[in-house]
Amino acid sequence: MVRIEMKRSMLARIVPGFTSLVKKGPSGQMVIIGMIIVLALVIMTAMGPWIAPHDPSRSGVGRIRIPPNWQFPLGTNHLGQDVLSRTLCGGSIMLQVSALSVLLCFAIGVPLGLFSSYVGGFVDSAFSLVIDAVYAFPGLVIAIAIAAMLGPGVVNMALSIAVVYIPSYFRIVRSQVLSIKELTYVEAARSVGAKWYTILSRYILPNVVPSIVVVITINFADAILTAAGLTFIGLGVTYDIPDWGWDLTNGRTYISSGAWWIIAFPGLMIILLALGFTLIGEGLSELLNPKLQR
Amino acid sequence: MGLRSYVITRVLLTIPTLLLLLTMVFLVMRVLPGDPVSLHFEKKADPLQMEQMRHLLGMDKPLWAQYFDYIAGLVDVNYFSAHGYPNLGKSMQSFEEVGGQVFSAFPATLELAIYSMIIASALGIPLGVIASKSYNSVLDHLIRGFGTVTYAVPVFFLGVILQLIFGVYLHWLPTGLRINPSVVPPPTITGLYTVDSLLQGNFVKFFESSKALILPSLTLGLILSGIFIRLTRTNMLETLRLDFVTAARARGLKDSTVTYGYALRNAFLPILTMVGLQFAMLLGGAILTETTFSWPGLGRYIVQRINFRDYTAIQGAVVMFGLFVALVSLIVDILYAYVDPRIRM
Amino acid sequence: MNCSTPSFRGEIAKLPLLEIDSLAVDYRTSRGTVHAVNDVSFFLEKGETLGLAGESGSGKSTLGLSIIRLVPYPGVIGGGQIKIDGRDIVALPEHEMQTFRGTKVAYVFQDPMISLNPVKKIGAHFVELIRTHEPNVSKKEAFERAKTVLKNLGIQPERINDYPHQFSGGMRQRIMIGLAIALNPDLVIADEPTTALDVIVQAKILDLLESLRKAYQMALILISHDLSIILERCDKIIVMYAGHMVEYADGTELHGRPAHPYTQKLLQSIPNIELSDQKLTAIPGSPPDMLNPPNGCRFWPRCSCTMEICRVKEPLLISIGRNHLVKCFLYGEKGVQSE
């Protein structure tokens, strides 16, 4: 009985139907709009290589810095690359970096948080001390330091971003577990001899999942912005790979000459992608905030 | 627990945290990459030159001795009193003292951080209060939308746009540097140009340095204000629902008293903690802002050193960031204790 | 369906202190509208005590809060009148409402632990209250008055400079009561004033409230889920169920001759130390989902006397004796006026 109850509530929390989200008012609508934006950009990036009118990495498909026209709807950049093609394909690096870093954070942060808080005692204190120190440190500074040591590249960017966000997962999991562990029904389950993995999978995980979902979406948004930041200071990819971050970084030099289109479109794309994830995260966190529920 | 003993405990607790932080920096910058010197030369230099550099930087010693040197250098009081900055080792590029370079770059970052923080709070906290007061109305949605969008804008993109509008098109404001190059910077007292020029009584310099500050601090402040709006709004919404707020209303207290004296004063404590944490994020944003605006601070220093593969300098700057964050969180915690009577008594 | 103002008011000529007429309070949530208070009418004279009894979710707190117009978001007063001294406050501008609160009507909340501003000293609470409503009073004077109130509450006046967290729950509730009576209001609404307190403190707080009420000649509305407390201390009693007023009677009448099956069940669930072999019964089932209340009488799914008509039609509030109203088909189908 209890198990069925838990499963249903878990389902209802993770995969809320769109209709029920709409009914939940502005916060639910924020989640939906965010999902649509993210989905649209992911599809656009996946289809990019097929629908792009030009090879996004080839320089000199046209003259340099041509303003938007019929041949190049978004103009060309300072290398004579087609801005439209680069905009269509340019999301792949950011999506790869952010997805990889989220995966890494999740795979390390969640088990570490569960383990640490479940074991408790000295292990927990030691872990928490280290994690808190990382958490309090400026994220971008850590990411830059690590990326500077590792050198440019997708995997290295993802790794350096992951180090920054592991503490967020660890902390949220730990605080949730600590409060759930004391709840009566968990104590009851333990008192009748439930195994630790039973308690973990049936009682603790379903309760932790909603908060983790929020952290994941915010992590995605931050990872995208951090990846853009790392690219900006020269720790990203090279010119022959289409990337919004690269376009934004290298196009800004030409803006004083009036070539706004080189950075406007990739910049807009980064904002949209980060905004999509932020909307999901913010909407969800308000929906799940117990202090604001009536 | 009295306020004094709380402060003392908190200060003492900072020491292990700092040690941990310094150790982690050492692990990432020295141990993780294997050999920073060969990384510096991209393995293309001749072994003798590399050996020479290792010897000069003390990197030919075993790791534990390097670690000891690193920590000992930081707490070396004699060095500090002789130079005016801690011993952070020597630069791989120029063999100059990293401490000196980092300390001279720091005030620019501090000034930028302070003004950004002022802009972010002046914008974010009132907007958050207004949004929470008009919960679920059009105004609330607009403010919330503004906060969400600013959060999603890359700092440097906003910076470039502001440069374009106010610098390139309108010619109103300078788009880089701390002060007009034709103006001699004020004598260094605090290192903050706006403060120093006022102390000197030179209003031209104050005007010029303030003008240069507007765009960078507005860029960073706007980005940060989104977070402030969200934090203030959520905390106010939670506080406005608490019984003591309703009870205050039930006693017929004025709306302003209830909003500010009751709700905001209590929501202020969590907001203060969050602001302390956001300071770290502000410093991250400062790196990108400084690079955008050629602002000669710690952030631009790091970025320049990355291009030279000057790992000892990067390490020094990261340590400086760490010390600064630890100091800010200490101050915030003490302020918190001072504001909250439950700790103060 | 629509029940007019009760006819039991008789020939009282003077204006009652509080008169509520077919009041409706709705919560307009995103999932639908909850009619938390539905068609409630009653009146209260100066110095009278009225008890509001019912389970949690019955709308009794919402009713209490609507009298000072502080129904929490997203609640709105959907219809009806609330007259204080003959003046309808439903449409009153907010700033005029503020002058009513604290001076005319005061409210004591359930949990004293969270009803005081944690960053303000006790004295500041009083000074602020007095000076808001009487701007001419000096700070010093207000402070002295606060000390007198504290003394009357049995709290050392020296503790006026303490913060709320330095007091126990019972003491804090005394302070809340002190804040309520400080400006000598005509009506005090006490919403579960003792629920959050220890049993021993409970009686003391209620006694304090009672003696102050008498001393200051205030009217009192006591809201509680505990019918025994209300029976002990109130002249008039309203029993609420799922937003409806299901029974109204004088205290003795209700105790001796409970009419509504719900009231009867509530009375049976009160333990009585004088009856050693008393059979205590709990009410089966649980209160209805207020988003989808049952058709007909809202109590029928839990009632032991359910008839066919109860499932389809909502009974009217009918009079079954002097000052005794009940909303139940057991006493006639159309609401036959027996008086």
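Predicted model: local features only at pLDDT ≥ 70, side-chain atom pairs only at ≥ 80, totals over all residues.
Visitor: What makes the largest cavity a cavity, and which residues lie nearest its centre?

Guide: A cavity is a set of points where a 1.4 Å probe fits but cannot get out, whereas a pocket is an open set. The structure holds 9 cavities of 30 Å³ or more, and the largest cavity has a volume of about 80 Å³. Of the 14 residues that line the largest cavity, C:Cys297, C:Cys303, C:Cys310, C:Cys328 and C:Phe329 lie nearest its centre. By class, its lining has 11 nonpolar residues, 2 polar ones and 1 charged one.

Visitor: Why is strand β9 of chain C described as largely enclosed by the rest of the structure?

Guide: Buried means under 20% relative accessible area, and 6 of the 6 residues of β9, which spans residues 236-241 of chain C, are buried, so the strand is largely enclosed by the rest of the structure. C:Lys236, C:Ile238 and C:Met240 point one way from β9(C), while C:Ile237, C:Val239 and C:Tyr241 point the other way, and all are buried.

Visitor: How do you know that β9(C) pairs with strand β3 and with strand β10 of chain C?

Guide: Two strands pair if there are at least two bridges between them. Strand β3 (residues 49-53) of chain C is joined to β9(C) by 4 bridges, and these two strands run parallel, so both conditions of the name, strand and pair, rest on a count that can be set against the cut-off of at least two. C:Val239 stands opposite C:Glu247 in β10(C).

Visitor: What lies between β9(C) and β10(C) in the hairpin that they form?

Guide: The hairpin has 2 residues between its strands, and C:Ala242 in the turn has a positive phi of about 50°.

Visitor: Why does A:Ala40 count as partly exposed?

Guide: A residue is buried under 20% and exposed over 50%; A:Ala40 has 44% relative accessibility, which lies in between, and therefore counts as partly exposed. A:Ala40 belongs to helix α3 (residues 26-51) of chain A. From A:Ala40 to A:Phe115 there are 75 residues in sequence and 37 Å in space, C-alpha to C-alpha.

Visitor: What makes up chain A, and how much of the chain is buried?

Guide: Chain A has 12 helices and 0 strands, and 53% of its 294 residues are buried. The accessible surface of chain A comes to about 12900 Å², with 69% of this belonging to carbon and sulfur atoms.

Key. Residues numbered from 1 in each chain as written. Chains lettered and ligands numbered in written order. Heavy atoms only, no water. Buried < 20%, exposed > 50% of the residue type's maximum accessible area, 1.4 Å probe, protein only. Areas by Shrake-Rupley, 256 points an atom, 1.4 Å probe, with all protein chains shown as cover. 1 Å grid on protein atoms, 1.4 Å probe; cavity = no way out; pocket = protein on both sides within 12 Å on 5 of 7 lines; lining within 4 Å. Points joined across faces, edges and corners; volume = space filled by probe spheres on them. Nonpolar A, V, L, I, M, F, W, Y, C, P; charged D, E, K, R; others polar.
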